[in-house]
Amino acid sequence: MPGTTETQTLLIDADDTLWENNIYFERAIVRFISFLNHHEFSPEQVREVLNDVERECIVKHGYGLHSFAHALVDTFERLSVRPVTPELDAQIHGFAHGVADHPIELLPEVSETLQHLSTRHRLILVTKGAIAEQTGKIERSGLKQYFAATEIVAEKDSAVYEALIEKHELDRESTWMIGNSPKSDINPALATGLHAVFVPHGNTWILEHEEVDAATPPQRLLIVGRFAELREHF
């Protein structure tokens with residue numbers, strides 16, 4: 001239980017839990033919509049189309065910049081009267097590649113909090129996306145030292161959490177999933193019998209939005225305002 005000296009296993013999400021991520025995609029989307037300059041669709045309508053296309057691209061290409069670039073090109077092809085020339089394709093891909101160039105921006109007090117937690121509990125980083133991209137972010141973040149293991153998965157669903165439980169021999173009664181996404185972090189972890197800590201982020205990706213499920217006792221669900229608050233519970 002949080003607040004005791006018992007060692008827990010904390011599975012911790014990365015993007016928008018430990019560092020900023022989605023804000024860079026949002027800025028790229030704003031630039032893309034301005035570049036498209038659609039004369040009939042409002043920016044909001046273009047975004048709705050892009051959201052639908054992104055869902056399709058996730059199925060085909062998974063998560064990450066490669067999939068995002070495909071979504072931008074596909075959206076342009078659907079909405080623009082102009083054909084996608086090699087020059088236009090390069091420009092559109094540039095919006096996606098620009099996301100890769102930003103430095104890692106840790107959220108407030110993340111390093112200090114991980115340092116505190118790592119001396120008391122077993123920490124496992126669990127992030128989804130393209131392996132090379134996520135590995136690079138983990139390395140650049142300087143946070144890898146606090147984790148007993150890191151897991152980069154293609155999706156976060158109940159089957160993946162079950163596999164992690166088996167692989168790391170996790171005790172469901174003392175294992176928590178901590179993250180900002182109801183869809184990927186909280187709800188599937190609860191469905192697998194784990195506890196969960198929801199750390200809301202103001203810029204969570206719209207495709208990760210879901211209502212947060214209730215925890216069925218003896219499971220527990222905590223909601224904290226900031227990552228640093230984990231020090232009060234663990």
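Author: A search of the whole structure finds five aromatic pairs. This is a predicted model, in which local features need pLDDT of at least 70 and side-chain atom pairs count only at pLDDT 80 or more, while totals for chains, interfaces and linings use all residues. Residues are numbered from 1 along each chain as its sequence is written, and side-chain values use heavy atoms, with hydrogens and water left out.

Reader: What makes phenylalanine 25 and phenylalanine 68 an aromatic pair, and which kind of pair is it?

Author: Rings of Phe, Tyr and Trp (its six-membered ring) pair if their centres lie within 6.5 Å, and planes under 30 degrees apart count as stacked, over 60 as edge-to-face and the rest as tilted. Phenylalanine 25 and phenylalanine 68 have 5.0 Å centre to centre and 80° between the planes, so the pair is edge-to-face. Because phenylalanine 25 lies in helix H1 and phenylalanine 68 in helix H3, the pair ties together parts that are 43 residues apart in sequence; helices (H or I, at least four residues) and strands (E, at least two) are DSSP runs, numbered from the N terminus. Elsewhere, Phe32, Phe35, Phe76 and Phe95 form one aromatic cluster.

Reader: Why is phenylalanine 68 called buried?

Author: Buried means under 20% relative accessible area, exposed over 50% and partly exposed in between (1.4 Å probe, protein chains only). Phenylalanine 68 has a relative accessible area of 3%, so it is buried, and phenylalanine 25, with 16%, is therefore buried too. Glutamate 56, in helix H2, has 33% and is therefore partly exposed.

Reader: What makes a nonpolar core, and which residues have the most contacts inside the largest one?

Author: A nonpolar core is a set of buried Ala, Val, Leu, Ile, Met, Phe, Trp, Tyr and Cys residues joined through side-chain atoms within 4.5 Å. The largest has 26 residues, and those with the most contacts inside it are Phe32, Phe68, Leu72, Phe76, Ile92 and Val99. Helices H1 (22-36), H2 (43-61), H3 (65-79) and H4 (86-100) are the elements that give two or more residues to this core. Apart from it lies another core, of 25 residues, among them Trp19, Leu114, Leu123 and Leu222.

Reader: Which residues does threonine 75 contact, leaving aside its neighbours within four places in sequence?

Author: With contact meaning heavy atoms within 4.5 Å, threonine 75 is in contact with Phe32, Val49, Leu50 and Val53, its neighbours within four places in sequence being left aside. Threonine 75 is in helix H3, and its relative accessible area of 0% is the reason why it is called buried.

Reader: How do you know that arginine 82 lies over the face of phenylalanine 35?

Author: A charge sits over a ring if NZ of Lys or CZ of Arg is within 6 Å of the ring centre and within 35 degrees of the ring normal. Arginine 82 lies at 5.7 Å from the ring centre of phenylalanine 35, so the distance meets the limit, and arginine 82 is placed over the face.
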